[in-house]
Amino acid sequence: MSRIYANLIERGLKTLNDVPKKLKKDVEEILKNDGYLKEDVKPVEE
């Protein structure tokens, strides 16, 4: 599910604010690895 949200964000159809809290950290990691999220962005605090 995290990969699906990451793909939607990369396509501009969703934002990180649309991602459920329990998936947000994984989605941020995927986006960082794909080059869509800068390294200096703070990770989500749970």
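Author: R3, E10 and D34 are linked in a network of salt bridges. A salt bridge here is a side-chain nitrogen of Lys or Arg within 4 Å of a carboxyl oxygen of Asp or Glu. The model is predicted, so local features need pLDDT of at least 70 and side-chain atom pairs count only at pLDDT 80 or more, while totals for chains, interfaces and linings use all residues. Residues are numbered from 1 along each chain as its sequence is written, and side-chain values use heavy atoms, with hydrogens and water left out.

Reader: How many salt bridges does a search of the whole structure find?

Author: Side chains of opposite charge can pair when their charged atoms come close. In this structure the search finds three salt bridges. D34 and R3 meet in one of them, at 2.9 Å from N to O. Helices are DSSP runs of H or I with at least four residues, strands are runs of E with at least two, and both are numbered from the N terminus.

Reader: Which salt bridge does E29 form, and how are the two residues placed in helix α2?

Author: An α-helix has 3.6 residues a turn, so residues three or four places apart point the same way. E29 pairs with K32, the closest N and O atoms being 4.0 Å apart. Because they are three residues apart in helix α2, E29 and K32 are separated by about one helical turn.

Reader: How is accessibility to be read, and is R3 buried, exposed or partly exposed?

Author: Buried means under 20% relative accessible area, exposed means over 50%, and partly exposed lies in between, with a 1.4 Å probe and protein chains only. R3 has a relative accessible area of 37%, so it is partly exposed. E10, at 21%, counts as partly exposed, and so does D34 at 32%. In the other pair, E29 is partly exposed at 39%, as is K32 at 26%.

Reader: Which residues of α2 are buried?

Author: They are L23, K24, V27, E28, I30 and L31. Seen down the axis of α2, these buried residues fall within an arc of 165 degrees, so they line one face of the helix. The arc is taken from the directions from the helix axis to the C-beta atoms. The face turned away from the buried side carries the exposed residues K22 and N33. What covers the buried residues includes α1.

Reader: Which residues does L31 touch, leaving aside residues up to four places away in sequence?

Author: Contact means heavy atoms within 4.5 Å. L31, found in helix α2 (residues 21-34), touches A6, I9, E10, L16, Y36 and L37 under that exclusion. L31 has a relative accessible area of 3%, and it is therefore buried. R3 and L31 are 28 residues apart in sequence and 9.0 Å apart in space, C-alpha to C-alpha. With the same exclusion, R3 touches E10, I30 and D34.

Reader: What span should α2 have, and what follows the helix?

Author: The expected span of a helix is 1.5 Å times one less than its number of residues. The 14 residues of α2 should span 20 Å, and its end C-alpha atoms are 20 Å apart, which agrees. G35 follows α2, and its phi is positive, near 85 degrees.
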